[in-house]
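Subject: Structure handover

Hello,

Here is the structure I promised to pass on. Please open it first, then read my notes beside it.

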Amino acid sequence: MIALSIDTATEVASIALYLSKTGSRREETVTWSRDGRLRHVEQLMPTVSWLCASAEVAPADIELVVCSGGPGSFTGLRIGVATAKGVVAASNAHLIAVSTLDALAEPYAPFHGLVVPVIDARKRRYYSAVYRRGEKLTRDLDIAPGDLEEQLRQLQGRKSEPVYLAGPHAAAALAALENSDLSLHFLSGSRSGAAAAQLRLGLDAYARGEFTAEDAGPTYVRGSDAEMAVRRSK
Amino acid sequence: MCATPSQTFQAGERIGRSLAPGDVVAITGPLGAGKTVLVKGIAASLSVTDPVTSPTFTLIAEYDGRLPLFHVDLYRIGSSLEFDLLGLDDYYDEDGVTVIEWSDRAGSSLPERTISVTIEIGQEGNRVLSCSHDVI
């Protein structure tokens with residue numbers, strides 16, 4: 001089994017290549033990440049080629065391509081989905097799009113408390129979702145920090161759980177919530193790329209036979225301005 | 001006040017010289033007012049050597065210069081939601097200058113720091129430029 005995971009949802013781009021031989025218990029994952037500007041995705045295909053070459057994998061042998069399903073940077077998502085579909089077309093691989101927020105939360109499933117990945121959605125809002133022990137408690141949200149705080153308070157009920165902010169913009173979200181009395185923690189691995197976690201979720205979906213349609217696009221999770229105006233006025 | 005296209009071009013050059021990385025310039029004005037001419041002036045001052053044309057069908061064109069120039073034309077954009085989905089936010093973060101024609105199509109979605117330029121056609125066919133910042 002050879003699988004490729006491409007994470008382009010934010011300015012922290014990452015790629016993971018997974019190899020396992022039939023009849024062997026040995027698995028290997030090669031990852032690459034670049035924390036900088038979104039423009040780095042221009043190097044996406046050359047980097048995929050280089051990773052394949054370094055792992056001695058022929059791109060045509062890739063059986064599964066996993067990409068960021070959103071939310072995230074619209075440009076980044078479109079580039080990632082388009083690239084993934086290109087590889088799929090050239091290799092007959094299956095395509096699986098994984099929720100960006102699920103991938104950002106995945107490494108922290110064992111944590112006791114609430115795990116909250118955040119991605120800057122501009123206009124002082126965040127894309128976010130809330131997880132407890134790997135279980136997703138909300139849908140993908142496009143939410144203002146104050147509303148996220150309220151949501152977290154409701155999910156906690158009477159007990160006070162630690163809240164772990166994950167994802168590339170966790171530090172900014174933490175700053176936006178600095179006056180909160182929630183027990184907020186910042187996960188320092190938040191800018192190391194989500195491709196490996198996205199790959200693990202993709203392999204799980206592959207095992208369940210949950211493939212993404214070839215004509216599917218990313219999920220933007222952005223309401224119209226009119227909807228946002230209504231929410232603000234409440 | 002610009003009597004001829006070459007004066008509009010020069011006004012563009014003056015705007016261009018004052019621009020810094022991350023700046024966003026929004027240009028509004030009727031068809032034929034000289035919006036693209038103004039952008040050509042901005043491009044010249046940024047040492048862009050490729051010819052600048054109206055990106056009406058491509059929405060965004062990128063040019064290399066002293067600063068990268070992202071030339072955006074929103075003529076075909078129908079709503080501010082469509083504008084949001086275009087993902088121009090990603091361009092503002094780059095170390096370049098974003099110039100947007102037909103910026104009124106963006107609704108209220110432009111960043112607060114945007115420099116707005118309005119071109120009006122005067123009675124004698126001259127062009128009246130007004131600007132939200134002191135850049136001309």
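In chain B, buried residues make up 53% of the 136 residues. Keep in mind that this is a predicted model.

**Chain B**

Chain B has 4 helices and 6 strands. Along the sequence, their order is α-β-α-β-β-α-α-β-β-β.

How does the radius of gyration of chain B agree with that of a compact globule? A compact globule with 136 residues would have a value near 14 Å, and chain B has 14 Å, so the two agree. The C-alpha trace spans about 40 × 30 × 25 Å along its principal axes.

Now look at the contacts. Take those in chain B between residues at least 6 apart in sequence: 61% of them join residues at least 24 apart.

The surface comes next. Chain B exposes about 6,200 Å². Carbon and sulfur atoms supply 50% of that area. As for charge, chain B carries 9 positive and 19 negative charges.

**Chain A**

Chain A contains 7 helices and 12 strands.

Of the 234 residues in chain A, 50% count as buried. For contacts with a separation of 6 or more, 62% are between residues 24 or more positions apart. The accessible surface is about 11,200 Å², and 49% of it belongs to carbon and sulfur atoms. There are 26 positive and 27 negative side chains in chain A. The centres of these two sets lie 4 Å apart.

**Phe74(A)**

Start your tour of residues here. Phe74(A) sits in helix H2 of chain A. Is Phe74(A) buried or exposed? Its relative accessible area is 6%, under the 20% cut-off, so Phe74(A) is buried.

What does Phe74(A) touch, leaving aside neighbours within four places in sequence? In chain A, its contacts are Tyr127(A), Tyr220(A) and Arg222(A). In chain B, they are Asp84(B), Leu85(B), Gly87(B) and Asp90(B). Phe74(A) therefore has contacts in both chains, with contact meaning heavy atoms within 4.5 Å.

Phe74(A) and Tyr220(A) are 146 residues apart in sequence. In space, they are 6.9 Å apart, C-alpha to C-alpha.

Glu149(A) is in helix H4, which covers residues 145–156 of chain A. Its relative accessibility is 18%, so Glu149(A) counts as buried. The side chain of Glu149(A) makes a polar contact with the side chain of Ser180(A), at 3.0 Å. Not counting residues up to four places away in sequence, Glu149(A) touches Leu177(A), Ser180(A), Asp181(A) and Leu182(A).

Ala176(A) belongs to helix H5, residues 170–176 of chain A. At 43% relative accessibility, Ala176(A) counts as partly exposed. Ala176(A) and Gly146(A) are 30 residues apart in sequence. Their C-alpha atoms are 8.6 Å apart in space. Setting aside residues up to four places away in sequence, Ala176(A) touches Tyr126(A) and Pro145(A).

**Backbone points to check**

Most residues other than glycine have a negative phi, and most peptide bonds are trans. Here are some exceptions to look up.

- The peptide bond from Gly70(A) to Pro71(A) is cis, with omega near 0 degrees. Pro71(A) is in the loop between strand S4 (64–68) and helix H2 (74–91) of chain A.
- Lys123(A) is not a glycine, yet it has a positive phi of about 50 degrees. Find Lys123(A) in the loop between strand S6 (114–120) and strand S7 (126–128) of chain A. Lys123(A) is partly exposed, with a relative accessible area of 35%.
- Arg133(A), also a residue other than glycine, has a positive phi near 50 degrees. Arg133(A) lies in the loop between strand S8 (131–132) and strand S9 (135–136) of chain A. Its relative accessible area is 46%, and Arg133(A) is partly exposed.

Best wishes

Technical notes
Residues are numbered from 1 along each chain as its sequence is written. Chains are lettered from A and ligands numbered from 1 in the order in which they are written. This is a predicted model: local features need pLDDT of at least 70, side-chain atom pairs count only at pLDDT 80 or more; totals for chains, interfaces and linings use all residues. Side-chain values use heavy atoms; hydrogens and water are left out. Helices (H or I, at least four residues) and strands (E, at least two) are DSSP runs, numbered from the N terminus. Buried means under 20% relative accessible area, exposed over 50%, partly exposed in between (1.4 Å probe, protein chains only). Accessible areas come from the Shrake-Rupley method with a 1.4 Å probe; for residues, only the protein chains shown count as cover. Lys and Arg count as positive and Asp and Glu as negative; His and the chain ends are not counted. The place of a charge is taken as NZ of Lys, CZ of Arg, CG of Asp or CD of Glu. A polar contact is a pair of N or O atoms within 3.5 Å; within protein, one must be able to donate a hydrogen and the other to accept it, and residues adjacent in sequence count only if both atoms are side-chain atoms. The radius of gyration is taken over C-alpha atoms; the globule rule is 2.2 Å times the number of residues to the power 0.38.
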